[in-house]
Amino acid sequence: MLLPRAAHTETALRDGRVLIVGGFGDAGGDEASAELYHPRGGRFTFTGRMSVGRQSHTATLLAAGSVLVAGGYDPSGRRLATAELYDPATGRFSPTGSMRGPRADHTATLLTDGRVLVTGGTGPGFTFLATAEIYDPRTGTFSATGSMSVPRESATATLLRDGRVLIAGGHAGRHADITIYASSEIYDPATGRFTRSGDMTIPRHKHDAVRLNDGRVLIVGGSDARDDHGLYASAELFDPSTDTFSPAGSLLEGRYKMRGTSLLLADGTALVCCGAARAEAFDPATDRFSALSGNLGIGPLFAAAARIGSRSVLVTGGYSLSGPATNLAWILRG
């Protein structure tokens, strides 16, 4: 990339390019800049700048092709309520309605009706949020919807085939006061409410989730309260027909700080890209993981990933436990 980034976002656009937004750099400052990756030439170019630097924000491709960028931390560490839209046709960001309150490290999920569900994260003063809201692209406004049963940061949100959204795991609190959840809940857009679902086999946060072609949801990695000293190599599967989780094959390496970087390829294989030096592929037919050839080197944390083509993934940035944010990029082929 043109700049080092971690805790940034990566969004595959409809024309095949990839939008990379924000994050923090090697000097620790947040970036208002954005870049485009051009698969045909394998190069990065700058595009429009946001109104403010953001990291730990969300970026959601809307049905019309624009990208909603919402919340996150600004360069001074304050949480943001503002949101903006990126137009791929003009390469510019423009303001849209603000969220109902500041939040960072939240989730954003495109619903089947074109709206966006925003859940959890942290608010001012390191409060942990159970609240949720809905962005409506027709009006450019956010509105409140039902709240989760508990506050959740570092949870996952996965759109199910029936249009509901599975929220799994996460935590509230910090250090000695942290609570890591095994619980999950499901948001129903028809009612605007969350209802408790089954518990995962273990409490986990800073994990990842991806929906498989058969409708099940693969949950991978994460950690316990010891953070990098308590990495998980375990995986599990959520079955929406029974609202239950069951163990799946184990990863070859423990990994965490990887949300949004596990992606489904066209052949139904799930590629687990980040949080460790090697990427792994999950075969739903056998419930087994296998390592991809090659090595990412740094084992990027808080990197970003997006699918390009049918069997390839672009991974960008991140940092390691021993080094700052990087501008490195990789192409992974499943």
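**Rings, cores and overall build**

Tutor: Let's start with a cluster: Phe24, Phe302 and Tyr319 are linked by ring pairs. Keep in mind that the model is predicted.

Student: How many aromatic pairs does the structure hold?

Tutor: There are 9 aromatic pairs. One of them joins Phe238 and Phe245, with 4.9 Å from centre to centre and 50° between the planes, a tilted arrangement.

Student: Are Phe238 and Phe245 buried or exposed?

Tutor: Phe238 is buried, at a relative accessible area of 0%. Phe245 is buried as well, at 11%.

Student: Where do Phe302 and Tyr319 lie in the chain?

Tutor: Phe302 is in the loop between strand E28 (288–291) and strand E29 (304–308), and Tyr319 is in the loop between strand E30 (312–316) and strand E31 (329–333). The pair therefore ties together parts that are 17 residues apart in sequence.

Student: And how accessible are Phe302 and Tyr319?

Tutor: Phe302 has 33% relative accessibility, so it counts as partly exposed. Tyr319 has 15%, below the 20% limit, and therefore counts as buried.

Student: Which charged residues sit over rings?

Tutor: Arg79 is placed over the face of Phe126, 4.5 Å from the ring centre. Arg152 has its charged end over the ring of Tyr181, at 5.1 Å from the centre.

Student: New topic. Which residues touch the most other members in the largest nonpolar core?

Tutor: That core has 15 residues, and the ones touching the most other members are Leu271, Cys273, Leu292, Val313, Val315 and Leu332. Strands E30 and E31 each contribute at least two residues to this core.

Student: What is Val315 in contact with, leaving aside neighbours within four places in sequence?

Tutor: Its contacts include Glu10, Cys273, Cys274, Trp330 and Leu332. Ala303, Ala304 and Ala305 are also among them.

Student: What about a second core?

Tutor: A separate core of 14 residues exists, and its members include Leu218, Leu237, Ala248 and Ala270.

Student: Let me look at Val118. Where is Val118 placed, and is Val118 buried or exposed?

Tutor: Val118 belongs to strand E10, residues 116–119. Its relative accessibility is 1%, so Val118 counts as buried.

Student: Which residues is Val118 in contact with, again leaving aside neighbours within four places?

Tutor: Among them are Met99, Arg103, His106, Thr131, Glu133 and Phe142. As for Thr195, it is 77 residues from Val118 in sequence, and the two C-alpha atoms are 16 Å apart in space.

Student: Zooming out, how many helices and strands are in the chain?

Tutor: The chain has 0 helices and 31 strands. Its radius of gyration is 18 Å, close to the 20 Å from the globule rule for 334 residues, so the chain is as compact as a globular protein of that length.

Student: What box do the C-alpha atoms fill, and how much of the chain is buried?

Tutor: Along the principal axes, the box is roughly 45 × 45 × 40 Å. Of the 334 residues, 60% are buried.

How values were computed
Residues are numbered from 1 along each chain as its sequence is written. This is a predicted model: local features need pLDDT of at least 70, side-chain atom pairs count only at pLDDT 80 or more; totals for chains, interfaces and linings use all residues. Side-chain values use heavy atoms; hydrogens and water are left out. Rings of Phe, Tyr and Trp (its six-membered ring) pair if their centres lie within 6.5 Å; planes under 30 degrees apart count as stacked, over 60 as edge-to-face and the rest as tilted. Buried means under 20% relative accessible area, exposed over 50%, partly exposed in between (1.4 Å probe, protein chains only). Helices (H or I, at least four residues) and strands (E, at least two) are DSSP runs, numbered from the N terminus. A charge sits over a ring if NZ of Lys or CZ of Arg is within 6 Å of the ring centre and within 35 degrees of the ring normal. A nonpolar core is a set of buried Ala, Val, Leu, Ile, Met, Phe, Trp, Tyr and Cys residues joined through side-chain atoms within 4.5 Å. Contact means heavy atoms within 4.5 Å. The radius of gyration is taken over C-alpha atoms; the globule rule is 2.2 Å times the number of residues to the power 0.38.
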